[in-house]
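Please open the structure in your viewer and display it as a cartoon.

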Amino acid sequence: MSATADHAEERTNPAARLGFQPGQVVQEIGYDDDVDQELREAIEGVIESDLVDEDYDDVADAVVLWFRDDDGDLTDALVDAGTYIEEGGAILLLTPKTGRSGYVEPSDISEAATTAGLTAAKSVSVGKDWSGSRLATPKAAKSRR
C-alpha cells in the first residue's frame, strides 16, 4: 500500500485514526448488544486479530472500554482498565453520543480520567451512536512531550 493510501485509510477508518496498529493485543471491556459492530470489526481489521475479552489474563497493548452512564463509577472502570495494559498503552473510552441512552458528560470523562491518572485526548466521533476518547497512561503521556 502506498503512503497516500495509508493516509487515506487513516482519514476514513476510525480504528486507524485512533492509533491502532497491526499486531497489537486489544482487550475489550463492557461489551453489550449496543456496541458499534462496525467499529469492532474495523479495529480487528487493523490489528489483524480478534479483540480479547475481559477474561484475558495477560497484558494488552490497548483497551477498548465501552461505558454507559449506568455502568457504575467511571473512575473505577478506568483504573481497572489501566491494570490490563502495558505501561505506555492507551485506553479507548467509548461512550454514547449526546442524546443517546447512557450518555456520559464530557466533564465527567475529563474528571474521571484525571483522577485515574490518565491524560485525555480530544473526543472523536467513532460511529453513529458512539464517541471515543483516547486516554494515555502516564508513560505514554510523558513520551509525547
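From the N terminus on, the order is α-α-β-α-β-α-β-α-β-β-α.

This is a predicted model, in which local features need pLDDT of at least 70 and side-chain atom pairs count only at pLDDT 80 or more, while totals for chains, interfaces and linings use all residues. Residues are numbered from 1 along each chain as its sequence is written, and side-chain values use heavy atoms, with hydrogens and water left out.

Next, colour the chain by pLDDT, the predictor's confidence in each residue, from 0 to 100. The chain averages 87, and 86% of the residues score at least 70. Confidence is highest in strand β1 (residues 26–29), at a mean of 97, and lowest in helix α1 (residues 3–12), at 48. Select residues 1–8: the pLDDT there is below 50, and the stretch has two contacts beyond near neighbours in sequence (contact means heavy atoms within 4.5 Å).

Now select lysine 97, in the loop between β3 (85–96) and α5 (106–115). Is lysine 97 buried or exposed? Lysine 97 is buried, that is, under 20% relative accessible area with a 1.4 Å probe, protein chains only.

Finally, show the side chain of serine 125, with which the side chain of lysine 97 makes a polar contact at 2.7 Å. A polar contact is a pair of N or O atoms within 3.5 Å; within protein, one must be able to donate a hydrogen and the other to accept it, and residues adjacent in sequence count only if both atoms are side-chain atoms.

Technical notes. Helices (H or I, at least four residues) and strands (E, at least two) are DSSP runs, numbered from the N terminus. Buried means under 20% relative accessible area, exposed over 50%, partly exposed in between (1.4 Å probe, protein chains only). Lys and Arg count as positive and Asp and Glu as negative; His and the chain ends are not counted. A salt bridge is a side-chain nitrogen of Lys or Arg within 4 Å of a carboxyl oxygen of Asp or Glu.
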